[in-house]
Every structure is written in structure tokens, then in C-alpha cells.
Protein chains: 2
Amino acid sequence: MREDEITGWFRQQRPLPPDAVPIGIGDDMAQLALGQGASVLITTDMLLDGTHFDLATATLAQVGYKSMAASLSDCAAMATIPLAAVVAVALPHGWSGRQLQELHAGVVRAADKYACPLVGGDITSWQGPGRFAVCVSMLSRPGDQPPVRRNGARVGDIIGVTGSLGGSGRRKHLEFEPRVREALRMVRSADLHAMMDISDGLSTDLNRICHQSGVGALVEAAAVPIAEDARHRPDPLEAALNEGEDFELLFTLSPGQWDRLQPCWDDPVPLTRVGVITATGRMEIRMADGQVRELLPGGYDHLVE
Amino acid sequence: MREDEITGWFRQQRPLPPDAVPIGIGDDMAQLALGQGASVLITTDMLLDGTHFDLATATLAQVGYKSMAASLSDCAAMATIPLAAVVAVALPHGWSGRQLQELHAGVVRAADKYACPLVGGDITSWQGPGRFAVCVSMLSRPGDQPPVRRNGARVGDIIGVTGSLGGSGRRKHLEFEPRVREALRMVRSADLHAMMDISDGLSTDLNRICHQSGVGALVEAAAVPIAEDARHRPDPLEAALNEGEDFELLFTLSPGQWDRLQPCWDDPVPLTRVGVITATGRMEIRMADGQVRELLPGGYDHLVE
């Protein structure tokens with residue numbers, strides 16, 4: 001069972017009351033209505049040693065920063081304003097206050113930078129063998145615009161991304177800047193139809209937008225912005241499409257809105273048009289030679305045979 | 001470094017703005033102000049295989065229930081109303097949808113019972129060896145009364161507990177009822193000065209109330225309600241004071257309020273007066289023979305020599 005299937009199964013088990021839970025399972029954050037127009041959003045992310053970072057090479061301060069930044073990226077994915085975070089940890093046997101202080105330094109570096117204070121947590125220890133895990137849960141609130149969801153992409157929309165993709169595992173995945181400010185700036189200037197952050201790779205995450213919006217997509221291979229750290233690869237495009245942990249934003253908007261947004265965008269983080277939303281119901285990619293192939297989550301067709 | 005010392009250190013690092021974060025690190029939940037009188041509270045709890053449950057003997061449905069119930073108990077500890085939960089899991093290698101569905105059954109059993117829907121989560125898997133961990137983060141909102149904190153106990157207060165204590169490890173820790181309704185009912189009838197739930201044992205948790213309130217306590221050994229599952233122990237009192245995971249409520253209130261609350265209390269979960277708050281600044285226990293000894297977190301004096 002893949003994660004999306006499991007998530008879909010969970011979603012079907014208990015339909016949520018839309019007045020109390022306007023956004024439920026399956027988006028970057030869930031939204032809870034609190035009455036009188038107030039609402040709050042929540043996300044949770046578990047990061048594991050050996051999976052999301054490797055303590056043999058990463059410092060605990062880097063891990064603390066990454067764990068917060070991943071949740072901040074979820075706030076950005078919906079163009080919401082981070083409010084506060086709680087951090088729960090599972091410590092290997094023999095860890096002491098020193099390791100926690102190191103982790104804390106990274107957590108508060110992100111917290112301070114994005115005005116998202118650490119307000120609580122839980123410290124637990126494995127009895128017997130057990131590896132380090134950290135779980136950040138974060139609250140945000142809508143800005144002046146409603147949260148941008150995954151399910152609003154429309155046929156004819158431009159597909160855009162922030163920054164560049166691929167090669168994140170080399171360095172960026174520990175040091176990335178969540179696109180909180182860029183997301184809020186975009187929604188002030190344009191009407192975005194759909195957005196999410198790229199955590200599992202452009203092909204996988206675009207598929208989520210397509211699936212939830214009931215649309216297809218055509219990506220232009222030549223337009224995909226490939227990160228410096230992916231250019232030395234045997235197949236840089238494959239790295240940019242599939243590696244994940246880019247923590248850039250993936251969004252769709254009408255061509256008219258794109259034409260309004262893009263010329264005025266003077267942020268150092270670029271916006272790039274990488275394709276269009278189509279009515280085909282599936283994802284395709286036009287390669288540099290003009291050939292159109294099917295684009296599957298996790299790879300273009302020859303990769304998954 | 002003990003958990004309370006670490007928590008204290010964290011609290012000192014970044015003073016939180018009291019208008020935005022009325023309740024920060026160190027209580028059962030943190031409270032965030034959202035403007036116009038609205039606020040939300042948040043708690044996070046990490047539960048680990050081999051520490052908080054044992055998958056050799058507990059079912060995943062029991063674990064799912066317990067993980068939710070522990071956070072619901074935090075909502076009860078402040079007399080707040082549960083709103084919603086998110087659940088993040090770290091799965092051992094080879095787990096599939098079946099295990100997640102079993103866990104989910106326990107999560108939604110608690111969610112349905114306490115009207116606290118599951119609204120999101122995160123599913124991660126260990127690469128290589130790694131044991132099962134589950135982290136629940138839960139939101140609540142204040143009822144008609146402000147959240148009850150740990151730091152409000154006053155000299156002369158009655159110390160009360162719900163239910164009975166000790167022996168939880170035998171069965172109750174997997175099946176307990178969080179005291180959500182009892183807490184809300186108590187604050188409707190009386191003005192509580194301080195409250196928390198008993199997760200680490202009466203002696204340890206009462207010490208937290210004393211420390212945060214700047215007071216002492218005198219516990220009457222003969223008054224401590226000992227659970228059926230602790231009565232067969234060599235030292236049932238010691239079990240009731242120190243074992244923990246009781247998930248009962250520990251609270252203080254003025255004698256006048258106690259005299260008002262207690263006679264009308266017809267709930268099947270009893271309230272028991274176990275002692276008084278004193279000006280001594282330390283915890284004491286009057287044994288059945290009349291002797292007064294020092295009560296230390298985790299044991300009475302002869303246990304920690």
C-alpha cells in the first residue's frame with residue numbers, strides 16, 4: 001500500500017464535518033474553524049535518523065533546523081502564517097542534556113527566523129535499542145487570503161515552481177529556506193488555484209495536485225529549473241523530477257494571473273513556468289527533442305518499466 | 001539532567017510574549033491567543049514501543065487508543081475541550097497497510113468517544129532497524145472557564161485526585177478513560193486553583209505543582225486511593241504514589257470550594273481528598289502510624305537513600 005492509498009483510506013473512514021474542519025486529511029495542513037471566522041491550521045512531521053537525516057554526517061543543530069523548516073514549508077505550501085510549534089523527541093539510550101541543547105539550537109534558529117516560537121514538547125527515551133526520532137507539529141493561521149489547497153488546479157493553468165530542483169540530498173535538505181515569505185507574497189499579487197511544497201519530488205507531488213484536482217499536466221522538460229547540485233548527475237532532469245526534499249513550492253494559476261505575477265516578481269527566489277494543466281487526466285512530459293512521454297510519479301516512463 | 005531541568009532550561013532560553021502565548025512551556029498544554037478573545041491549546045506526546053507499550057503483549061488498536069487517550073488526558077488536565085488530533089508514526093521495516101489500519105481503529109475509537117477527530121498525520125518508515133513510535137498532537141479550546149494551570153496552588157488548598165492510583169501497568173495504561181468530562185464538570189461546579197494529570201506518579205506530579213506554585217504539600221498516606229491492581233503489591237502505597245500512567249487528575253482548591261464540590265459529586269469516578277497544600281516549600285507524607293516523613297518525587301524518603 002502506498003502512502004497516498006493509505007491516506008485516501010483514512011480519509012474515507014470518517015467524513016469530517018466541513019463547518020468544523022474546512023480542510024481535513026490529504027492536504028499540507030488541516031484547518032479547524034474556531035467560530036466567528038477564526039481558524040487555525042495544523043501539520044505534523046516525523047523525521048527519523050537514517051531516513052530523513054543521518055547523524056553520522058549531520059549535526060543535531062542541522063536536524064533541529066530541518067525538522068522545523070519541513071513544517072514551516074507546509075505552512076508555506078498553503079500560504080499561511082506560522083504561529084507556533086511543539087517538538088517531541090525519542091532519544092537513544094545514553095543521550096543527555098547536551099544533545100538536547102544542540103538540537104534546541106537548531107530548532108530555535110528556525111523558530112526565530114520565521115517568528116514561530118517553540119511553545120512545548122515531549123522528551124522520551126527508548127528503553128533498549130532505538131534510534132533518534134523528532135516530530136514537529138506546527139500551527140499556522142490564514143493570511144488575508146484563504147489557504148491555498150491542492151485540489152483547485154484548472155485545465156489551462158500554468159504550473160510554476162519556486163527556486164530549483166534536484167540534488168537536495170547533497171546539502172540543501174539540511175539547510176533549505178522554507179518559502180513562507182514567497183508564498184505569502186505570491187498570494188498577495190495573484191490568485192493561485194493550487195499549491196503544495198515539493199517534498200517527494202516534482203513528479204510525485206504534481207501527481208497529487210492532478211489527482212486531487214481531477215486534471216492532467218504537461219511538463220516541459222527544458223523548462224524544469226535544475227539545481228546546481230543536480231547538474232553533475234548522469235541524468236540531471238531525473239534528479240530534478242524525482243529526488244524530492246526540494247521544499248520548493250509547486251503551484252498553478254491562470255495564464256492571465258501568471259502574466260500579472262511574473263513580470264513584477266523581483267524576489268531573489270525565482271518563479272519558473274514548468275508546464276500547463278491539461279484535460280488528459282494524466283501527466284506527460286515533453287522532452288527536449290519534442291517527444292511527449294508519460295510522466296509517472298517517481299519517474300518518466302522508461303524509468304519504471 | 002532530569003526532564004524537569006531540561007524543560008526549565010528550554011523555558012528560559014526564549015521568553016514567550018504573554019499576549020500571544022498566554023501559557024508556554026511547562027504546563028500540560030500551551031495556549032495560543034488568536035485575537036478577539038479566541039485561543040487554542042496544543043499538546044504533543046511521543047509513545048515508544050518497549051517504553052510506553054510493548055507490542056509483544058499489546059495490540060496496535062490498544063496502542064492507537066492509548067496514544068490518543070494520553071493527549072486527551074492533557075486536555076482534561078487543563079479542563080479544556082478537545083478539538084482535533086494529528087498522528088505521526090514511524091514504522092518498522094516491513095509494516096504494511098494492515099498494521100496501520102489496526103492502529104487507526106484504536107485512534108478513531110478514542111476520537112469518536114471524545115469528539116476529537118483525526119484530521120491529519122504523517123507516515124514514515126525506518127530505513128534499517130527501528131522500532132515503532134507514534135506521536136499524537138492534539139488541539140483543544142477553553143470551555144467557559146480559563147484553562148487550569150499547574151502554578152495556581154495556594155497554601156491551605158485541599159489536594160484532590162480522581163479515581164484510584166497505582167498498578168496501571170497491569171492493564172489500565174492501555175484502556176484508561178481520560179478524565180475529560182470529569183474535569184469540565186469540576187470547573188463548572190468549583191474554582192480549581194491548579195490541576196494536571198498524573199502521568200509520572202502522584203509524588204512526581206504533585207512536586208511539579210508545588211514547584212511551579214512555590215508551595216509545599218502534606219499528603220495523608222491513609223487517604224490515597226489505591227487501585228485494585230496495586231493492592232496485591234508488597235507496598236501498595238508506594239505503587240500508588242510512584243508508578244505513574246494513572247492518567248487521573250490531580251487538583252487543588254480552597255477548603256470552601258471542596259466543601260461545595262464534593263457533596264454534590266455523583267459521578268461514578270470518585271474525588272478523593274489526599275492532603276493539603278502547605279507553606280513548607282517541600283512535600284511531606286503522614287504515614288498511617290502518624291509519623292511525618294519527607295515525600296520525594298518518585299518515592300518517600302526510605303526509597304531513595
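Which residues touch the most other members of the largest nonpolar core? Select Ala85(A), Met195(A), Ala85(B) and Met195(B): of the 191 residues in that core, these touch the most other members. A nonpolar core here is a set of buried Ala, Val, Leu, Ile, Met, Phe, Trp, Tyr and Cys residues joined through C-beta atoms within 7 Å. A residue is buried if 20 or more other C-beta atoms lie within 10 Å of its own, exposed if 12 or fewer, and partly exposed in between, with C-beta atoms placed from the backbone.

This is a predicted model, in which local features need pLDDT of at least 70 and side-chain atom pairs count only at pLDDT 80 or more, while totals for chains, interfaces and linings use all residues. Residues are numbered from 1 along each chain as its sequence is written, and chains are lettered from A and ligands numbered from 1 in the order in which they are written.

**Stop 1: the two chains**

**Stop 2: the contact between the chains**

Next, show the contact, to which chain A gives 54 residues and chain B gives 54 residues. Two residues are in contact if their C-beta atoms, placed from the backbone, lie within 7 Å. On the side of chain A that touches chain B, the elements giving two or more residues are H1, strand S1 (30–35), strand S2 (38–48), strand S3 (80–91), helix H3 (97–113), strand S4 (118–125) and strand S5 (133–142). Helices (H or I, at least four residues) and strands (E, at least two) are DSSP runs, numbered from the N terminus.

Colour that side of chain A by class and there are 30 nonpolar, 18 polar and 6 charged residues. Ala, Val, Leu, Ile, Met, Phe, Trp, Tyr, Cys and Pro count as nonpolar, Asp, Glu, Lys and Arg as charged, and the others, Gly among them, as polar. Of the interface residues of chain A, 100% are also interface residues in chain B, so the copies meet through the same surface.

**Stop 3: helix H3 of chain B**

Select residues 97–113 of chain B, which form helix H3. At 1.5 Å a residue its 17 residues should span 24 Å, and the end C-alpha atoms are 24 Å apart, which agrees; the expected span is 1.5 Å times one less than the number of residues.

Show the side chains of Leu100(B), Leu103(B), His104(B), Gly106(B), Val107(B), Ala110(B) and Ala111(B), which are buried in H3(B). They cover an arc of only 165° around the axis, which puts them on the same side of H3(B); the arc is that of the directions from the helix axis to the C-beta atoms. Arg98(B) and Asp112(B) are exposed, on the face of H3(B) turned away from its buried side. The cover over the buried residues includes helix H1 (3–13) of chain A, together with helix H2 (60–77), strand S3 (80–91) and strand S4 (118–125) of chain B.

Step on to Ala115(B), in the loop between H3 and S4 of chain B. Its phi is near 50°, a positive value in a residue other than glycine. With 12 C-beta neighbours inside 10 Å, Ala115(B) counts as exposed.

**Stop 4: around Ala85(B)**

Return to Ala85(B). Leaving aside neighbours within four places in sequence, Ala85(B) is in contact with Met68(B), Ser71(B), Ala111(B), Cys116(B), Leu118(B), Val119(B), Val136(B), Ser137(B) and Met138(B).

**Stop 5**

Ala76(B) is in helix H2 of chain B and counts as buried, with 32 C-beta neighbours inside 10 Å. Beyond four places in sequence, its contacts include Val180(B) and Ala183(B). Both are among the buried residues of helix H5 (residues 180–189) of chain B, with Glu182(B), Met186(B) and Val187(B).

**Stop 5: Leu202(A)**

Finish in chain A at Leu202(A), in helix H6 (residues 202–213). Leu202(A) is buried, with 26 other C-beta atoms within 10 Å. Its C-alpha is 8.2 Å from that of Glu243(A), 41 residues apart along the chain.
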